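Got your viewer open and a selection tool ready? Let's take a short walk through this model, one stop at a time.

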Amino acid sequence: MTALVEVRDLVKHFPIRKGIIFQKQVGAVQAVDGVSFDINEGETLGLVGESGCGKSTTARLVTRLLEPTSGSIIYKGLDIAHANRRRLLPLRREMQMVFQDPYSSLNPRKTVGTIIGEPFEIHGIEHDKTKRRRLVQDLMEQVGLNPEHYNRLPYEFSGGQRQRIGVARAIALKPKLIVADEPVSALDVSIQAQILNLLRDLQRELGLTIVFIAHDLSVVRHMCDRIAVMYLGKIVELADSQQLYDHPRHPYSGALLSAVPVPDPRLAREKQRQVLTGDVPSPTNPPSACRFHTRCPKYVAGHCDVEEPLLETKQGGNVVACHYPLTDDEIAARVPTAAA
Ligand SMILES: Nc1ncnc2c1ncn2[C@@H]1O[C@H](COP(=O)(O)OP(=O)(O)OP(=O)(O)O)[C@@H](O)[C@H]1O
Ligand code: SF4
Ligand SMILES: [Mg+2]
């Protein structure tokens, strides 16, 4: 397995400032606080966790739309964590993002042809108008749009079609990596599968590596090879997709999986839901040591809140940051989510 991107100790703190003139820093939002993971070539890596845990920030750091506070992002042997605009420009072609809300990221006054052709414009590729139109129409076909709709405006397309436009623009320059930030969350359930299938087909055809962000674990499961679970700016578990679903070792992963809806009502009744209680604490002032300790059913005072658990490989190969990972008995006590 070759790593396309190696992320190490990545940190992004957003300063909170007060005062009009001196703008004194009074604190920081610890949006991402020391995450490390590899993105292997050709895989789909899922990034999941509750709202505000730092998924989008991580995505924007890896694609260098944001500059990290510290840490490294090794891409093709080079650390791009602090690369300047000139060095980043060629990398922009290789790393692209697909966003949740395709409508807000599409200029309403531009035709779809212009929108999909923008990456060629930005990177000075194919100035000949007829040839560029051909390229764009090929892309439209590739993502399942009618090339005859080249001159239409975004409002003339449905939500699913707009996401196809976003995908077409993302693959225009034949990138190596696509980071899709909740690409189907805003879509009807009936349309979601079509977009997921499109991404999967394109991955196979183009040899793409994908980072797929979601908070719906049932979506990620069928899409991803491996899944990283985030909580308050940290990765708490990283495992193969199937392994995570069958044997989640971190209490937070277990709780998230218990929240995945089970279609069978009998299973749902049997299910011992470990519903997560309480709100997510503020990333400005996160709980000490294990950040999950204020909500964890297995919390041991004097240990979990004092000594930070580090990511370690546990039973089954799951990489887990927890002093007391779920045991086989505890996992068995959960009703299987296999039907989900
Ligand atoms: N530009 C910014 N300035 C200040 N704080 C920010 C900024 N961007 C994000 N944050 C904060 O950082 C934390 C992580 O945000 P992020 O958007 O990465 O979370 P997320 O996991 O993507 O959440 P969601 O599921 O809601 O999209 C949040 O507390 C958010 O308010
Ligand atoms: S370290 Fe302790 S508080 Fe944190 S997840 Fe594990 S058992 Fe729960
Ligand atoms: Mg987000």
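Keep in mind as you click around that this is a predicted model.

**Stop 1: the largest cavity.** The structure holds two cavities of 30 Å³ or more. To find the largest, select Pro251, Cys290, Cys296, Cys304 and Cys322, which lie nearest its centre among the 13 lining residues. The volume here is about 80 Å³.

Stop 2: Now select Phe37, Ile39, Leu47, Thr58, Ala59, Val62, Val179 and Val211, the residues that line the second largest cavity. Two elements, β2 (24-40) and α1 (55-62), each give two or more residues to this lining. Which of them supplies the largest share? Highlight α1: three of the lining residues come from this helix. The cavity has a volume of about 30 Å³, and its lining has seven nonpolar residues, one polar residue and no charged ones.

**Stop 3: out to the surface.** Zoom in on Ile21, which sits in the loop between β1 (3-18) and β2. Is Ile21 buried or exposed? Its relative accessibility is 71%, so Ile21 counts as exposed.

Stop 4: The model has 16 salt bridges in total. For one of them, show the side chains of Asp33 and Lys234, which meet at 3.7 Å, N to O.

**Stop 5: Glu118 and its two partners.** Centre the view on Glu118. With a relative accessible area of 18%, Glu118 is buried. Draw a distance to Lys110: the closest N and O atoms of this salt bridge are 2.8 Å apart. Lys110, at 32% relative accessible area, is partly exposed. Next, draw a distance to Arg169, where the closest N and O atoms of a further salt bridge are 2.9 Å apart. That pair links distant parts of the chain, with Glu118 in helix α3 (residues 112-122) and Arg169 in helix α5 (residues 159-171), 51 residues apart.

**Last stop: a network.** Finish by selecting Asp33, Lys234, Arg291 and Glu308 together; salt bridges that share partners join these residues into one network.

Notes:
Residues are numbered from 1 along each chain as its sequence is written. Chains are lettered from A and ligands numbered from 1 in the order in which they are written. This is a predicted model: local features need pLDDT of at least 70, side-chain atom pairs count only at pLDDT 80 or more; totals for chains, interfaces and linings use all residues. Side-chain values use heavy atoms; hydrogens and water are left out. On a 1 Å grid over the protein atoms alone, a cavity is a set of points where a 1.4 Å probe fits but cannot get out, and a pocket is an open set with protein on both sides within 12 Å along at least five of seven lines; lining residues have an atom within 4 Å of a point. Grid points are joined across faces, edges and corners, and a volume is the space filled by probe spheres set on the points. Helices (H or I, at least four residues) and strands (E, at least two) are DSSP runs, numbered from the N terminus. Ala, Val, Leu, Ile, Met, Phe, Trp, Tyr, Cys and Pro count as nonpolar, Asp, Glu, Lys and Arg as charged, and the others, Gly among them, as polar. Buried means under 20% relative accessible area, exposed over 50%, partly exposed in between (1.4 Å probe, protein chains only). A salt bridge is a side-chain nitrogen of Lys or Arg within 4 Å of a carboxyl oxygen of Asp or Glu.
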